[in-house]
Amino acid sequence: MKSPDIIVKTENLTRQFGRFTAVNQVSIRINRGEIFGFLGANGAGKTTLIRMLCGLLKPSSGEATVAGLDIKRESEKIKQKIGYMSQHFSLYNDLTVKENIEFYAGIYGLNRKQIFQKQNEISKQLQMEPYLDSRTSDLPLGLKQRLALATALLHNPPILFLDEPTSGVDPRARRSFWELIYQKAAQGTTIFVTTHFIDESEYCHRLSIMDNGRMIAIDTPESMKKRYKKKSMQEVFGFLIREKGI
Ligand SMILES: Nc1ncnc2c1ncn2[C@@H]1O[C@H](COP(=O)(O)OP(=O)(O)O)[C@@H](O)[C@H]1O
Ligand SMILES: [Mg+2]
């Protein structure tokens, strides 16, 4: 029987593009309600791993299940169980805030009443009342990202994949974004988040460091700092870079 508390499980998951190996034998287990961070430089393989877990890209070898579903055989079912916010902005700039919510809610199969409720909920939670009829392109970037997060959660998925969700926004907006992430995790949503901001890695319950497609460390930020006798993740990362040449 599958353990209900492990919501993502991979076993030697690998993806090659031609002869190049972008994700190399990654094995991880992620628990329900966990905020699991994936830290790595550009090109480390973070997006490729997320795309496989979302059922968007087939692995070359290895196995994985997401919410108990096999990523090779049940990728369509996985799409209903997950929220996904890609690195590249996912909202329609030409639509208003309200219209974007309506559009995504329609895709997720919400009815009129549910859409109306969600619009109210999101506009209250993100303090977006003044912007509801504005074109999304006119929103400040931080707010746009929080809106993208809210739309990725419209169907209340048990697991949320965020690919570098805070790229390009200022530290204050990043903090607001992380507050939303914490709220969701406290409600039992599992969060898988990639980042190249080392300071953000401290916010994760558990963290994996990826380099050239390989996972070179996986632990809580606290244990990593203890193991390498460092005061911050910045120092741990610096040490690993010197030690492993990443
Ligand atoms: N569709 C593709 N075809 C060929 N190479 C790819 C493709 N997608 C990603 N790659 C390569 O795989 C490596 C990892 O990319 P990616 O997963 O996007 O890394 P990250 O998200 O960590 O920046 C990069 O070298 C990238 O050029
Ligand atoms: Mg990427």
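This is a predicted model: local features need pLDDT of at least 70, side-chain atom pairs count only at pLDDT 80 or more; totals for chains, interfaces and linings use all residues.
1. Let me start with the ligand.

2. Residues are numbered from 1 along each chain as its sequence is written, and chains are lettered from A and ligands numbered from 1 in the order in which they are written. Helices (H or I, at least four residues) and strands (E, at least two) are DSSP runs, numbered from the N terminus.

3. Six strands form an open sheet in the order 7-8-9-4-10-11, and the pairing is mixed; two strands pair if DSSP finds at least two bridges between them. Strand 7 (82-85) and strand 11 (214-219) are the edges, each pairing on one side only. From one strand to the next, the twist averages 15°.

4. Strand 7 runs parallel to strand 8 (residues 159-163), with 4 bridges between them. I82 has I159 of strand 8 as its bridge partner, and M85 stands opposite L162 in strand 8. Which residues of strand 7 point one way, and which the other? I82 and Y84 share one direction, G83 and M85 take the other, and all are buried, a class that asks for 20 or more other C-beta atoms within 10 Å of a residue's own, with exposed at 12 or fewer, partly exposed in between, and C-beta atoms placed from the backbone.

5. Helix 1 lies across strand 4 (35-39), strand 8, strand 9 (190-195) and strand 10 (206-211), and runs at about 155° to strand 8. Helix 6 (residues 171-186) packs on the sheet too, touching strand 4, strand 8 and strand 9, and its direction makes about 150° with that of strand 9. For these angles, axes are lines fitted to C-alpha atoms, for helices over the stretch in contact, and values run from 0 to 180 degrees between N-to-C directions. Contact itself is set at C-beta atoms, placed from the backbone, within 7 Å.

6. On to the core. The largest nonpolar core has 56 residues, and V8, L53, V66, I82, F161, I191 and F192 touch the most other members; such a core is a set of buried Ala, Val, Leu, Ile, Met, Phe, Trp, Tyr and Cys residues joined through C-beta atoms within 7 Å. Helix 5 gives the most to this core, 5 residues. Leaving out residues up to four places away in sequence, L53 touches V8, A64, V66, I71 and F161.

7. Strand 1 (residues 6-17) and strand 2 (residues 20-26) run antiparallel and are joined by 4 bridges. Q16 is bridged to T21 in strand 2. With 2 residues between the strands, the hairpin has G18 at a positive phi near 65°.

8. Please check two backbone angles. Most residues other than glycine have a negative phi. N12, in strand 1, has a positive phi of about 50° although it is not a glycine. N12 is partly exposed because 13 other C-beta atoms lie within 10 Å. A67, in the loop between strand 5 (61-66) and strand 6 (69-70), has a positive phi near 50°. A67 counts as partly exposed because it has 19 C-beta neighbours inside 10 Å.

9. Finally, two loop residues. L139 sits in the loop between helix 4 (112-125) and helix 5, and touches Y131, S134, K144 and L147 when residues up to four places away in sequence are not counted. H155 lies in the loop between helix 5 (141-152) and strand 8. With 18 C-beta neighbours inside 10 Å, H155 counts as partly exposed.

How values were computed: Two residues are in contact if their C-beta atoms, placed from the backbone, lie within 7 Å.
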